[in-house]
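Subject: Structure handover

Hello,

Here is the structure I promised to pass on. Please open it and keep it beside you while you read.

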Amino acid sequence: MKQTFLFCLIAVSAIMGACSKNSDNPTPQPPVTTSPDTINIRGIITSNTTWSSNKVYRLRGYVYVDSPAILTIEAGTKIISNKDSAGVLVIYKGAKIIAQGTKDKPIVFTSAEPNPKPGDLGGVVLVGKATGNGNHAVLEGGVDDKHKLFGGNDDHDNSGVLRYVRIEYAGKAVNPDDEINGLSLYAVGDGTTVEYIQVIRGLDDAFEFFGGSVNCRYLIAYNCADDDYDMDDGFHGKIQFAISIKDPGFTDKKSGGDLSNNFEVDNTNGSSKPFTATPVTHPLLSNFTAIGPNNASNTSADYGYGMRWRRGAQFEMVNSIVIGGQKAGLDIDNDPTAQYYKDGISGFRNSFLHAVNNVTQVDKLNDTTILSAAALKTLVTGRDSSTIFTNPADIQLTDPFNNAQPNVKPKTGSLALSGAKFDGKFNDSFFQKVNFIGAIGTDDWTQGWTVWNK
């Protein structure tokens, strides 16, 4: 198909450099080698375009797909990036991506460097028209002014399809607390399909949801430096079957006392919008397996919690396993978040929990009478019917803490192979009514398209 690009500069220097001013790098770099089968991609895509599996596509800086263009990526296609430009693919409002990989032929975004490192690739960004609470006014990560705004009022907006996709070595730190994640979803609507995605060795978050209503299945965050599942800005989608595995020795550089967690979920940051801003962040999550450092000998001091729910967030997580959290397994911060849990609006239900230190923790309350750590533990094991384990081996997962080749499939006879419940909001047709607790039962959906030991 015809492919049209708008270049930031007409001069030869733009051909050699990146499109966005934010991608310029004045430091001399070694030349990027290109074969006849490698195509350099820059600028703005404005018409329907197909990337075929018999070519390799190199992202040079920020690449934007603008409405009404559709970018189709064939199964088995490889998209690469060099560290000198850290390519970022942005599917902007009204545009679509159709990236339909298969189990045998996943689509792979990765580093082109001979010794790949986190940050060689920027990441993948989907921008939609669904609702949010306006906590973030613009996209993070140094996008240009024409592509900063996101969101709208259409929760059924469709940004396309991401299916059987790996995103490796992502993370572009533009400024402190201003980064590109592995997969960023800004106000993405539930008309979008996001399934079978693995984010590997990212410099920042694996998945971040900024508002929106997108529903996802079969997600894997593996060895990413910051949070694996970061949700804020009023995100109110559903997710089922997801894995989080942390490398004990790998965290990003922190500012302001932040920590790396399996889950970090906010409503707002409390400065641009109050913690009670609406719509309130309220994800529905089922069948997660989250593996923390578990006090390994090389555990970074910047590791925090299995789950950190804070800043006015609401949540409901069911049929899940969270083990190996370092500072705590379940942490509740701030008054409204604690009140939501106390009132039963939020809950960690019918699930398994373990942590190295405090299994439950309540922090940063102005009104300390709302909820204590002991009261939270009582709610978790009583009202919410979850089980706390002193020894995670009692759950009988195959090899969850083997970071090089993790295996979170339950062993024969494991407690995780039965007991799932789908009542209330989880009786919704989106959720598959499986019997098992955690991400995997007897059928391992990670086989064939994932990679480990990176």
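Below is what turned up, topic by topic.

One thing before you start: this is a predicted model.

**Aromatic pairs**

Begin with the rings. A search of the whole structure gives 24 aromatic pairs. Take Tyr164 and Trp449 as an example. Are Tyr164 and Trp449 buried or exposed? Both are buried.

Now look at Phe352 and Phe389. This aromatic pair is also edge-to-face. The centres are 5.2 Å apart, and the planes make an angle of 70°. Phe352 is in strand E27 (residues 352–355). Phe389 is in the loop between strand E29 (387–388) and strand E30 (397–399). They are 37 residues apart, and the pair links distant parts of the chain. Phe352 has a relative accessibility of 9%, and buried means under 20%, so Phe352 counts as buried. Phe389 is buried too, with a relative accessible area of 9%.

Which residues make up the aromatic cluster? Tyr164, Tyr196, Tyr218, Phe241, Phe436, Trp445 and Trp449 form it together.

**Charges over rings**

The charged end of Arg201 sits over the ring of Phe250, 4.9 Å from the ring centre. Arg217 places its charged end over the ring of Phe430, at 4.1 Å from the centre.

**Helix H3**

Next, turn to helix H3, which covers residues 373–381. Its buried residues are Leu376, Leu379 and Val380. What do the buried residues of H3 pack against? Their partners are strand E25 (328–333), helix H2 (335–342), strand E26 (347–349) and strand E28 (358–363).

**A cavity**

How many cavities of 30 Å³ or more are there? The count comes to 1. The largest cavity holds about 30 Å³ of space. Its lining is made of Lys246, Ser260, Asn261, Asn262, Pro293, Tyr303, Gly304, Tyr305 and Gln326.

**Backbone details**

Most peptide bonds are trans, and most residues other than glycine have a negative phi.

- The peptide bond from Ser67 to Pro68 is cis, with omega near 5°. Pro68 is in the loop between strand E4 (56–65) and strand E5 (70–73).
- Another cis peptide bond runs from Thr278 to Pro279, with omega near -5°. Pro279 is in the loop between strand E20 (263–265) and strand E21 (284–291).
- Ala86 is not a glycine, yet its phi is positive, at about 45°. Find Ala86 in the loop between strand E6 (78–81) and strand E7 (88–91). Ala86 is buried, with a relative accessible area of 5%.
- Lys364 also has a positive phi, near 60°. Lys364 is in the loop between E28 and H3. Its relative accessibility is 49%, so Lys364 counts as partly exposed.

**Two last residues**

Thr38 is in strand E2 (residues 38–45). At 14% relative accessibility, Thr38 counts as buried. Which residues does Thr38 touch, leaving aside those up to four places away in sequence? They are Val56, Arg58 and Ile80.

Asp104 is in the loop between strand E8 (96–100) and strand E9 (107–111). Its relative accessibility is 71%, so Asp104 counts as exposed. Now compare Asp104 with Thr450. They are 346 residues apart in sequence, but 10.0 Å apart in space, C-alpha to C-alpha.

Best wishes

Methods
Residues are numbered from 1 along each chain as its sequence is written. This is a predicted model: local features need pLDDT of at least 70, side-chain atom pairs count only at pLDDT 80 or more; totals for chains, interfaces and linings use all residues. Side-chain values use heavy atoms; hydrogens and water are left out. Rings of Phe, Tyr and Trp (its six-membered ring) pair if their centres lie within 6.5 Å; planes under 30 degrees apart count as stacked, over 60 as edge-to-face and the rest as tilted. Buried means under 20% relative accessible area, exposed over 50%, partly exposed in between (1.4 Å probe, protein chains only). Helices (H or I, at least four residues) and strands (E, at least two) are DSSP runs, numbered from the N terminus. A charge sits over a ring if NZ of Lys or CZ of Arg is within 6 Å of the ring centre and within 35 degrees of the ring normal. Contact means heavy atoms within 4.5 Å. On a 1 Å grid over the protein atoms alone, a cavity is a set of points where a 1.4 Å probe fits but cannot get out, and a pocket is an open set with protein on both sides within 12 Å along at least five of seven lines; lining residues have an atom within 4 Å of a point. Grid points are joined across faces, edges and corners, and a volume is the space filled by probe spheres set on the points.
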